[in-house]
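Good morning, and thank you for coming. I would ask you to look at the sequence and the structure on the screen while I speak.

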Amino acid sequence: MKERSRGTPLIDMLKGYQPCRGRFHMPGHKASPDFCRTFPGAAWDITELPFSDDLLDEKGCIAEAEELAASAFCGEFCLFLTGGTTLAVQIMVGMAARRGPLLLPRASHRSAFAACELFGAEPVVLEAEECTAEGVQKKAGKAAALLVTAPDYEGRMGEAPAMLRAARACGLLALCDQAHGAHLGFCDRLPAGAAGIADLWAVSAHKTLPALNQASLLLGRAAWAEEAREFRKLLHTTSPSYPILASLDYARDFMEREGGIRLAALLRWREREQPFWPLRPEQNEDFTKLRFDLTPYGLEEAEVRRCFSQAGLTPEILSGEEVLFLLSVCDGEEDLNRLSAALRGFGPFRKVREALPPPSGRPEKAFAFLDRDFGREFVPLADCEGRAAACNVGLYPPGRPVLLRGERFDRPRVEYLLRNAGRLFGGTPEAVPVRRED
Ligand SMILES: Cc1ncc(COP(=O)(O)O)c(C=O)c1O
């Protein structure tokens, strides 16, 4: 049974103003009929007016919508953001940097490393094998905060909850990038998120909920609300998009009314269909992330692409090495059935080798992450072995650096990046910025 709506204060405000003429205020498009023909949602694209509240000093409908979101997403407070989770990560890293060094797993998103550069904070990087409660305890003496990503892009929680608990027990600020887990609290067959464990956590509403791109929430314990607001004032645009803000109101209301039912239906679909797929999806805790590791089969990307494009399906990632489908509460039955039909015909493939894991271990460090005192040149990726990266280099998606500024390329990393050269960030296959060796 659908739950009753607790209301949508921001959407109600916008609906009330939508028919209004005589807009002698920003933005300059004035929701004119001509403009609205090309941008149909433009009537809601307004600015701070006496009745529309102010994101950076909220007291009215935005404050009300944030309060409702805080209770729905189990935070003691909630900040709406229209700059994506990138902005939420900047706020968290900014707060950490005020206190001291930040423990940051290597598999963190590029936005976390970028925020370290922004705030002049040299991260204490945790390699995969150090990403445990003990790993945090060992390094806690050197740090003031920990920022973990959970769930990750592939729907894995790993040791993140234990790491966050260990961080708090050691007196560190416990921060969680839960960008991919906005939906977690709405189904008991999904893992618990960072609520109740972390001090602050960020969720990208736009990634997994019915919300517009860039719609994001920063949640946390009340003790951190004032400082987080202060950082939002420093970093956020003073002209936030009202359609994006309203979509946060919509997503919260939708999930409260229908999230549980829709997620349960997705899970039933997956449990019913999966036995018919020749290839087993990767094991993870989040059933909405459907990933197939293709590295054992030596397939060409074109071969994989043919299979899904014929069926009119567009995965989040598609390469010869992996395919990732993201499911959400908005997937319709027809699309899901087409996806399952395509997966029924996907494989079986002949195994030509063991699965190829991404490169691991700590790369050699040539210079400090924040060091800027060097000349740079551009060399082809294939010639990078032994050279020191002049910027973070990795794959996007998912946006995780394989090498950080100042680390040396080795053969396994060059090969891994070459195999996935179509989604390189930090350079192109023809030109990667490296330190000039004089
Ligand atoms: C783990 C993680 N954190 C943060 C971000 C940044 O989020 P946004 O794109 O909403 O700015 C992403 C984006 O993909 C991400 O995967």
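Helices and strands are DSSP runs, where a helix is H or I with at least four residues and a strand is E with at least two, and they are numbered from the N terminus. What we see is a predicted model, in which local features need pLDDT of at least 70, side-chain atom pairs count only at pLDDT 80 or more, and totals for chains, interfaces and linings use all residues. Residues are numbered from 1 along each chain as its sequence is written.

Let me begin with a loop. Pro348 is found between helix 12 (333-344) and strand 11 (376-379). A cis peptide bond joins Gly347 to Pro348, with omega about -5°. Pro151 belongs to the loop between strand 4 (145-149) and helix 7 (160-169). Why point these out? Most residues other than glycine have a negative phi, and most peptide bonds are trans.

Ala31 has a positive phi near 50°, although Ala31 is a residue other than glycine. Its place is the loop between helix 1 (9-17) and helix 2 (33-38). Is Ala31 buried or exposed? A residue is buried if 20 or more other C-beta atoms lie within 10 Å of its own, exposed if 12 or fewer, and partly exposed in between, with C-beta atoms placed from the backbone. Ala31 counts as buried because it has 20 C-beta neighbours inside 10 Å. Cys74 also is not a glycine and has a positive phi, of about 60°. Cys74 lies in the loop between helix 3 and strand 1 (77-81). With 16 other C-beta atoms within 10 Å, Cys74 is partly exposed.

Next, the packing of helices. Axes are lines fitted to C-alpha atoms, for helices over the stretch in contact, and angles run from 0 to 180 degrees between N-to-C directions. The axes of helix 1 and helix 3 cross at roughly 150° and come within 7 Å. Pro9, Leu10 and Met13 of helix 1 make this contact with Cys61, Ile62, Glu64 and Ala65 of helix 3; two residues are in contact if their C-beta atoms, placed from the backbone, lie within 7 Å. By class, the contact of helix 1 with helix 3 has 6 nonpolar, no polar and 1 charged residues. Here Ala, Val, Leu, Ile, Met, Phe, Trp, Tyr, Cys and Pro count as nonpolar, Asp, Glu, Lys and Arg as charged, and the others, Gly among them, as polar.

Helix 3 (residues 61-72) also packs with helix 10 (residues 242-273), at an angle of about 35° and with the axes 10 Å apart. On the helix 3 side are Ile62, Ala65, Leu68, Ala69 and Ala72, and they meet Leu245, Leu248, Asp249, Arg252, Met255 and Glu256 in helix 10. This contact of helix 3 with helix 10 holds 8 nonpolar, no polar and 3 charged residues.

Let us turn to the ligand. Which residues come nearest to the ligand? Of the 14 residues around it, they are Gly84, Thr85, Thr86, His109 and Ala179; a residue is near a molecule if its C-beta atom, placed from the backbone, lies within 6 Å of it. Helix 4 (residues 84-99) gives the most to this shell, with 4 residues. By class, the shell has 4 nonpolar, 9 polar and 1 charged.

Two single residues deserve a word. Phe231 is found in helix 9 (residues 225-235), and it counts as buried because it has 21 C-beta neighbours inside 10 Å. Leaving out residues up to four places away in sequence, Phe231 touches Ile91, Gly94 and Met95. The C-alpha atoms of Phe231 and Gly94 are separated by 7.5 Å, although 137 residues apart along the chain. Gly375, in the loop between helix 12 and strand 11, counts as exposed, with 9 C-beta neighbours inside 10 Å. Beyond its neighbours within four places in sequence, Gly375 is in contact with Arg436 and Asp438.

Finally, the domains. The chain is divided into domain 1 (9-256), domain 2 (277-344) and domain 3 (376-435), and these bounds come from an automatic or database domain assignment. The C-alpha centres of domain 1 and domain 3 lie 29 Å apart. In their contact, 6 residues of domain 1 meet 9 residues of domain 3. Thank you for your attention.
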